[in-house]
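Dear colleague,

Please find below the structure that I am handing over to you. My notes on what was found in it follow directly after.

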Amino acid sequence: MIVCVAVVGHQNNPLYIQSFTDADDALKLHHIVHCSLDVVDERVNNPKKSGPTLNETFLGLLYPTENYKVYGYLTNTKVKFILVTTDLDVRDADVRNFFRRFHAAYVDAVSNPFHVPGKKITSKTFAETVSTIVKSFGLSSAG
Amino acid sequence: MADPAKTPLGKMLLDEINPVVMVLDTPLVEETCRKNGLSFVEMLSPFCVFNNIDGEGFEMAKFETVGFDSVAVPVRTASDQPYRLQKFRLRLFYASDIRQPNLEVARERLKQVITQAGENGDSELCSDPPPIENLDARFESENLPSWFAFFNKELVRSASFSDHEAFDHPVACLLVVSSKDEQPINQFVDLFNTNKLPSLLNDGAMDPKILNYYLLVHDNQDGTTDKATKILTEMRSTFGSDCQLLCINSSEDGPVEHQDNPWVRYKSETSSGQNLGSFLNVNDINEMRDIMQELSTKQIIPCMEQKIRVLNQQVSATRKGFKNQIKSLWWRKGKDEIADSSNGSMYTFSSVESQIRVLGDYAFMLRDYELALSNYRLISTDYKLDKAWKRYAGVQEMMGLSYFLLDQSRKEAEYCLENAFTTYLKIGPSGQQNATRCGLWWVEMLKTRYQFREAASVYFRICGEEPLHSAVMLEQASYCYLLSTPPMLHKYGFHLVLSGERYKKSDQIKHAIRTYKNAISVYKEATWSHIKDHIYFNIGQWYAYLGRYDLAVSHVLEVLACSHQSKTSQDIFLRQFLQIVQKTGRIFEVPKLQLPEIKISSLRVIFEDHRTYATPAVASVKESIWRSLEEDLIPSLSTGRTNWLELHSKLVAKTYKESNVCVAGEAVRVDFEIKNPLQIPISVSSVSLICELAASSDETQTDANSQAGKLQNDNELTMTTSRESDNNSFLTLSKVDFSLGGGEVVMVQLTVTPRIEGILQIVGVRWNLSSAVVGFHNFESNPRRKKSAKGRQRGNRSLSDNLKFVVIKSLPKLEGFIQPLPTSTYAGDVRHLVLELRNQSECTVKNLKLKVSHPRFLNVGSQESLDADFPACLEKRTEHHYVQPDHNNISQPVFIFPEDTIITAETPLLWPLWFRAAVPGNISLYLTIYYEIEDSSSSMRYRTLRMHHNVQVLPSLGISFQVSPCPSKLEEFLVQMDVVNRTSTKSFQVHQLASVGEQWEISLLEPVDTILPSQCLVAGQSLSCFFMLKNQRKSGISENKTSSTSVPLGSVVRLGPEGSTEPLFDTSSSPLVDFHRNERLHQEISHQGDSTVDFILISRSLKSDLDSGTSDPPQLFSHHSCHCRQVPVPKLKI
């Protein structure tokens, strides 16, 4: 199950962070997302590793914590998407697919002329789309 | 990499892995030593370290120069290769201490270490952590808190004296007896034979036959050494040559002060630092040093060498070589079935495995790492096959360390340590201590190689269940993340937070605060607000717990305006904050309090200089409207708004020429929005402005003072209130109390009224939050430049300039009202209004002028019509007294009051105004009244009173005229009038139709009764009627009665019922004629000819309506339709 998704701007400022758990663990998830930015930065700044996959937006598994797996995705505008999931065996293809749809939703949201770039995404439509994508992720991996 | 031995890990290993000497002594020996404040072991400890003269390590260098030759210890390897030990150290332990430390005791000790460190770090607790850029520099040079190293050492020691490792097993036994003891020889024998020996010797884990060294301690204060020497000879005859006499306390002339006291480092409690060893003089020290050197170089090292050689031969014979390997493999296989995990008793000291381990450890201690490594390797596979996991892990650990010290394969070293670490963990809680120790070594190794990231993850792995332990480990991990290149700041912050939380759990509040404060630098930017709030709030709470309420308040303040948090946490934050503030027992004054939020962008300053406003709302009208309106009013001499100031520059210092001007006794108003960012209601009270007023007499001086005072105040948390009290008599401040609901925005209007002349500066605003905290907001703290309402023209001036006023002497100020101006009416409505002007001051005003923005709507009447009865005054009089309309009224829209009009304090001026709702819509009417001040000494000669009214005009009657030529007569025209009632409820009674212009005469074609029997046009109804229009002039018919008076009256047709006696209204006199003129001007069309005609339709609202309408005055409507032309109809040929 996806417990948290986040959009982080290129200055590592959170643009959108949404947890999908019932428990009051927003702080914990914020920490996990914030922490994973180090790994993103490292992968971005380390040209050796990203050499063959120069145009690859999917960053793969950032780091596994005790209970979570954190995946990352980096757009061309250096906006990061972070996915925190409790599923222990996740197929890469699923995650890629998720990020692709998530990216599309994000692009739609920031194309809104009333959206201020670099500010938090407050669009309700975006939130709905994201929660749909998140729900469908759970289904596809179960099936 | 540098010499591995010189790295921190190398030094640590040299310190920790050394031969152990077991000390057995009698109580009298201890007593003797106690005189110096030392135990026997402590007394000898400084002399257990031996350095090569050219070796590093300066601790002992001092003593070497005192009287020591080189103590380079010559050693031989197992294969008789001589080499030198750079540094050699003995570890002295009492026999009772040679056992595995009690976990609980060890834990207590660790806790004590941390608590102590917390107390010591108290001073830096209050200072803010350096910004993150400086952090690198701060920690780069291993400048981490020094107690980390100490703590780590303690942790390592808590795993010592395990039976699976030989380097903690004593290699020698030091038996000490005092010369005062009865029967010293027997005492020596008893000491070694008692059952108090450590279990290691008794349970067979190690060879009980160890080197014994006999020492007789003599206290020189007890007399001469005669008796002692006698005992020594006796000892020598009994135990052989391994006997020595140590004379101490030989200081004769009182206590000796030791500079650079050598014992301080070995004493855990540093309380009595300078008194240590006070009876030991130089001779004693030299004697101790000689004895220890002899013990190590002549006894222990040769003994170890010997043992290494013997063991090496044995091992080679049994285990080395292909044959032995095969043999052991077979043998192992057979043993497999019986092997179990109870490996403690499986290997006694005589077993081959133990011997190999001893050989390895001895070689390690004598720095022969090659030999050690080969033996460890040999034994490692055996232990693995035996599934003796603890021993296997121990050997792996030593292998890793050997690899490291040999600076050989890094990978191997790491692999071995990791292997050892995981194996220790695997065997459960009994291996925990060892795992920690192994992890620490691993970490140190990684740090030496600058692999900080890996080191951090190892730290993370060694934090166990125990919160305090893991807190320290996590904190160290965080610093590793910081030191790694590039620094991993996010992880640094995260681990600091984790660590702080664990510190808190184990009641180490000060440490918790320290870690959290360090973490602030990571999260300082507001973006990760959830985390930031968490940190600030917790720091605040912890400070409150420690009783540091001031710091607590300043931290909790940061989270107060947390609009992104949930309602409950907002509530908690606010409640906690108020609780802390309450505990401080005083009212806190906080600059830039975030609650509620002052919206600086909404700040508007409203003040009156020469421009005054009838109502506060008027001030919000754009200045440009007034400017255009007042253009003709204000004397050309002072077109520039501030020119009068230049004229009177002697009154006002030049520096303030650009300042705003306000008048003493008149309020300056500041409007701003105040917002509650939270979802919970907050109560705000005593909102008032902070102002400074410097009296003009000592203008410059006071101003300088107040500037200085202000600077000071900016830096302080609390603010002196003297300023307010000083100025109290000169200033009147308004105060507002209100409560803000969740998310509510309130417009606050505050005023300040200066009482004396001088310079007024509005500094900011202050308020009470929940009657506990006083908040300040300095308006100019926001450097953005803002326009105030008045400063639009000078928009480039900063806000603080706009908040600075020159207060001038009190002036008369007119107040004006227009009564009774409706707010909503119907188009065409004509009303009689009264303008009332009052002057409250003693000084009279004169030269009044008035200008109206919409003359179509508002006309100034004449003085006589003030008390006139409306609408009767408009009725046509039988005796005609026609007043020539004042044509100036149009050409010059400024109405100048008669010369002699003055307004004094007692008598208000009343002046009639005519209002007519010309067109439907929402209309803003602006009036400006210009007046001059009688008193010529005043710095302001004139002022203007600005009035503004909004009127909503609803559509009433729609009227259109169609003029067509009369088919029968050339000079006559047929006029069709269509009237539609466009209202939804109102009924109208058409009253009369007038044509304007002398040449026209209008008459009814048929009585209105026939068209409109009811006389009344109800809502939505329309009416058409026809008139005959005759052009008198062209027809050449002799002028009738009306035209004989040569008045361009036009003619009037009554539309009322036949025979009605209701009077007609005079459309040719003021005000209707004035309104008509304005309408004409307004409806003007491009090509104007003579052949146009204007009509005025006058209607009245129905009587019944009037009765139901409560306070409505009788209403009269006039509708003007100008420039009606003949419709160009195609002419029909008859």
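In this predicted model, Val996 of chain B has Asp1094(B), in strand E37(B), as its bridge partner. The strands concerned are E33 (residues 988-996) and E37 (residues 1092-1101) of chain B, which run antiparallel and are joined by eight bridges.

E33(B) also pairs with strand E36 (residues 1051-1054) of chain B, again antiparallel, through four bridges.

The size of an interface is often given as the accessible area lost when the parts come together. For chain A and chain B, that area is about 1,700 Å², with 68% of it on carbon and sulfur atoms. On the side of chain A, His31(A), His34(A) and Asp38(A) lose the most area to chain B, together accounting for 38% of what that side buries.

In terms of contacts, 18 residues of chain A meet 15 residues of chain B. No salt bridges are counted between the two chains, whereas three residue pairs are in polar contact across the interface. Strand E2 (14-19) and helix H1 (26-45) of chain A are the elements that each give two or more residues to the side touching chain B. The largest share, eleven residues, comes from H1(A). By class, this side of chain A comprises nine nonpolar, five polar and four charged residues.

With kind regards

Conventions:
Residues numbered from 1 in each chain as written. Chains lettered and ligands numbered in written order. Predicted model: local features only at pLDDT ≥ 70, side-chain atom pairs only at ≥ 80, totals over all residues. Heavy atoms only, no water. Buried < 20%, exposed > 50% of the residue type's maximum accessible area, 1.4 Å probe, protein only. Pairing = 2+ DSSP bridges. Contact = heavy atoms within 4.5 Å. Buried area = accessible area lost by both parts, 1.4 Å probe. Salt bridge = Lys/Arg side-chain N within 4 Å of Asp/Glu carboxyl O. Polar contact = N/O pair within 3.5 Å; in protein donor to acceptor, adjacent residues only side chain to side chain. Nonpolar A, V, L, I, M, F, W, Y, C, P; charged D, E, K, R; others polar.
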